[in-house]
Amino acid sequence: MVYFVLAALIAINFFAFLYIGSDKKRSIDHAERVREINFFVWAIFFGSLGVLAGMFFYHHKTKKLNFVFGISALLIQQLALTYLLTTKLI
């Protein structure tokens, strides 16, 4: 069960990372862009690490403070929740 959850988290973050990259490519090509709320949806479903890594790897949305602080806050919350769940404090 633990390996399934870990594999799912890796997959979610990998696809979130690629999603940021695809929007960066769309912005360069002046194509139709991805709605910003979609990045937050990926982050809410434990893809915040992938979104944050993609933002800095692709240099995309890094000047928008609501993204930098919002995605970072979600990552901190998810790390804290994971810590609490794994130490059985909840």
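Student: Why does Phe56 count as partly exposed?

Tutor: Phe56 has a relative accessibility of 44%. Buried requires under 20% and exposed over 50%, so Phe56, at 44%, counts as partly exposed. The residue lies in helix α2. Its C-alpha atom is separated by 15 Å from that of Phe15, which is 41 residues away along the chain.

Student: How is the chain built, and how many helices and strands are there?

Tutor: This is a predicted model. The chain has three helices and zero strands, in the order α-α-α along the sequence. Its C-alpha trace spans about 50 × 25 × 20 Å along the principal axes.

Student: What is the confidence of the chain?

Tutor: The average pLDDT is 93, and 98% of the residues score at least 70. Helix α2 has the highest confidence, at 95, and α3 the lowest, at a mean of 93.

Student: What makes Asp23 buried?

Tutor: Asp23 has a relative accessibility of 0%. The cut-off for buried is under 20%, so at 0% Asp23 counts as buried. Asp23 is placed in helix α1. Leaving out residues up to four places away in sequence, Asp23 touches Arg33, Val34, Phe39, His60 and Lys61. Across the chain, 27% of the 90 residues count as buried.

Student: Why does Met1 count as exposed?

Tutor: Exposed means over 50%, and because Met1 has 76% relative accessibility, it counts as exposed. Met1 is found in the segment before α1, which covers 2-28. Together with Phe4, Val5 and Leu9, Met1 makes a nonpolar surface patch of about 450 Å². The chain as a whole exposes about 6400 Å², with carbon and sulfur atoms supplying 74% of it.

Student: How many aromatic pairs are there?

Tutor: The count comes to eight aromatic pairs. One of them is formed by Phe17 and Tyr58, with 5.2 Å centre to centre and 40° between the planes.

Student: What does the pair of Phe17 and Tyr58 tie together?

Tutor: Phe17 lies in helix α1, whereas Tyr58 is in the loop between α2 (36-57) and α3 (65-86), so the pair ties together parts 41 residues apart in sequence. Tyr58 has 23% relative accessibility and therefore counts as partly exposed.

Student: Why is the pair of Tyr19 and Trp42 tilted?

Tutor: The ring centres of Tyr19 and Trp42 are 5.9 Å apart and the planes are at 45°, so the pair is tilted. This pair also links distant parts of the chain, with Tyr19 in helix α1 and Trp42 in helix α2, 23 residues apart.

Student: How do you know that Tyr19 is partly exposed?

Tutor: Tyr19 has a relative accessible area of 22%. Buried ends under 20%, so at 22% Tyr19 is partly exposed. Trp42 is partly exposed as well, with a relative accessible area of 29%.

Student: Which residues do ring pairs link into a cluster?

Tutor: The cluster consists of Tyr19, Phe39, Phe40, Trp42 and Phe67, linked by ring pairs.

Student: Among contacts between residues at least 6 apart in sequence, how many join residues at least 24 apart?

Tutor: Of those contacts in the chain, 62% join residues at least 24 apart.

Methods:
Residues numbered from 1 in each chain as written. Predicted model: local features only at pLDDT ≥ 70, side-chain atom pairs only at ≥ 80, totals over all residues. Heavy atoms only, no water. Patch = residues over 30% accessible without salt bridge, like charges linked within 9 Å, V, L, I, M, F, W, Y side chains within 5 Å. Areas by Shrake-Rupley, 256 points an atom, 1.4 Å probe, with all protein chains shown as cover. Salt bridge = Lys/Arg side-chain N within 4 Å of Asp/Glu carboxyl O. Helix = DSSP H or I, 4+ residues; strand = E, 2+ residues; numbered from the N terminus. Buried < 20%, exposed > 50% of the residue type's maximum accessible area, 1.4 Å probe, protein only. Phe/Tyr/Trp six-rings, centres within 6.5 Å; stacked < 30°, edge-to-face > 60°. Contact = heavy atoms within 4.5 Å. pLDDT = per-residue confidence, 0-100.
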